Amino acid sequence: MKILETEIEFDFYDAEQMQKFDIGSDEIIKGINSIKLKKMKQSEFINKFCTIIEAGFDKIFGEGTSKKIFKGKKNFKLCVQAFKDMIKARQYQENEVNNEINTLQNEIQTISYDYSTERIK
């Protein structure tokens, strides 16, 4: 998958990696939702927001990944786009999995019918 033009090795089909994704993405969302905007300077908000995104990416994809992606910058637009890139890749994979499951279910139904006593009647 590509996040901000950086190729990231990640297997959404692997249970262990998906567990890291689930935990890390939940932490990102909780972290973002916990930011208190009142009386916070914009620079403080950007720093906090980007720190949450970076920590989540490192948790999901491995330590140092955020440095590869963001190259040391704490830029709000880059962090938002990187998060969107990750979610888009996840949604694409989820569609692929759903298609595979539907195909498998159809094949199982066909096999079940082919070997059922209903067929003989």
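## Ground rules

Residues are counted from 1 along each chain as its sequence is written. Because this is a predicted model, local features need pLDDT of at least 70 and side-chain atom pairs count only at pLDDT 80 or more, while totals for chains, interfaces and linings use all residues; side-chain values use heavy atoms, with hydrogens and water left out.

## The nonpolar core

Let's start on the inside. The largest nonpolar core holds 24 residues. A core here is a set of buried Ala, Val, Leu, Ile, Met, Phe, Trp, Tyr and Cys residues joined through side-chain atoms within 4.5 Å. "Buried" means under 20% relative accessible area, "exposed" means over 50%, and "partly exposed" is in between (1.4 Å probe, protein chains only). Ile3, Phe57, Phe61 and Met86 have the most contacts inside this core.

Helices are DSSP runs (H or I, at least four residues), numbered from the N terminus.

Who does Met86 touch? Skipping neighbours within four places in sequence, Met86 is in contact with Met1, Ile3, Phe21, Ser25, Ile28, Phe57, Ile60 and Phe61. Contact means heavy atoms within 4.5 Å.

## Two salt bridges

Now for the charges. The model has two salt bridges, each being a side-chain nitrogen of Lys or Arg within 4 Å of a carboxyl oxygen of Asp or Glu. In one of them, Lys59 pairs with Glu27 at 3.1 Å, N to O. Lys59 sits in helix α2 and Glu27 in helix α1, so this pair links parts that are 32 residues apart in sequence. Lys59 is partly exposed at 42% relative accessible area, and Glu27 is also partly exposed, at 39%.

Lys74 and Glu54 make a salt bridge too, with their closest N and O atoms 2.7 Å apart. Lys74 is in the loop between α3 and α4 while Glu54 is in helix α2, so the pair ties together parts that are 20 residues apart in sequence. Lys74 is partly exposed at 36%, whereas Glu54 is buried at 15%.

## A buried charge without a partner

Asp58 belongs to helix α2. Asp58 is buried but has no salt bridge. Its nearest side chain of opposite charge is Lys67, 6.9 Å away; Lys and Arg count as positive, Asp and Glu as negative, and His and the chain ends are not counted.

So what is Asp58 in contact with, leaving aside neighbours within four places in sequence? Those residues are Glu63, Gly64, Thr65 and Ser66.

How values were computed:
Helices (H or I, at least four residues) and strands (E, at least two) are DSSP runs, numbered from the N terminus.
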